[in-house]
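My notes follow in numbered points.

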Amino acid sequence: MKNSFFTPFIITLLLVVSCKDASPQSREEIKEAKKALELKNLEQFFLGATKLCLDSPEAQCCKSFVFSPYINPMEVYLNVFENNRTIFDNQNNPFKLKEIREDMKGKIAKIRDKAIATGSDNLVYEVYGEWSIDAYDFDKEQLKINSYYTFHFKALPMSFGSGKPLKIQEFVNYRPSISMSANEAEKVFDYYEGIKEKLMLGPTKPLNTRITYSLHKPEPRSRRPDDFIIKPKKVELFLYGSWSDKIGEFTF
């Protein structure tokens, strides 16, 4: 049942509550939440890539993961996520670096353990507004969804694997649908009518999206050997501004 790019997906209808009872976040809350998710998504990717590279340091994507030949991913993590630049700022002095590394041996070990515990098989990417509702098909009783085929990660100092979009092949030309009665779909559209002015959405109907994915090294002879490969496992869709109101999910 598989071809070279896709595995079959399962569509599950989950909307059973009245959308009138949904309580979306405010614009200010969403703005702050986006910033927090940006860092959380980056950390998930970075820890997953670190674990993958601990297992496969010979892979080209791992050799390119950190630009500097003097520091490793755990030491970059200290700089970005713990705001500790001590190693980063002394990477060109091998004697000073050796001394600092000895002092920070415990911190580096904890980051390594965190990467191993996070793994690379069940990472999470959460985003506001990249996926959206396209239309409703009355004949088929389906809610049409616009998917988004890249992940965008915040730029990370010294790291090749962040700061650029990573394409998810399974999402290219992917137009999923959610089975939904006309009555249920009308509640969804009413929800967006009720929040469009408050959240300044205009005509669009964006969704909160949670994607569970695994991270892999490229196949041998890949045309893009420096890029990590993202494989989606599950996509969960929620009403915009409300992570508690799920309308459907797709399992790959």
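1. Valine 235 has phenylalanine 250, in E9, as its bridge partner. The two strands, E8 and E9 (residues 246-251), run antiparallel and are joined by five bridges. Two strands count as paired if DSSP finds at least two bridges between them. Strands (E, at least two residues) and helices (H or I, at least four) are DSSP runs, numbered from the N terminus.

2. This is a predicted model: local features need pLDDT of at least 70, side-chain atom pairs count only at pLDDT 80 or more, and totals for chains, interfaces and linings use all residues. Residues are numbered from 1 along each chain as its sequence is written, and side-chain values use heavy atoms, with hydrogens and water left out.

3. Look at the turn next. E8 and E9 form a hairpin, with six residues between them. Glycine 241 sits in that turn and has a positive phi of about 85°.

4. E8 (residues 229-239) also pairs with E7, in the antiparallel sense, over ten bridges. Lysine 231 in E8 stands opposite serine 214.

5. Now the loops. Most residues other than glycine have a negative phi. Asparagine 83 is not a glycine, yet its phi is positive, about 55°. Asparagine 83 lies in the loop between helix H3 (73-81) and helix H4 (86-89). Is this residue buried or exposed? Asparagine 83 is exposed, with a relative accessible area of 66%. Exposed means over 50%, buried under 20%, partly exposed in between (1.4 Å probe, protein chains only).

6. Methionine 200 also has a positive phi, about 55°, without being a glycine. Its loop runs between helix H7 (182-195) and strand E7 (206-216). Methionine 200 is exposed, at 59% relative accessible area.
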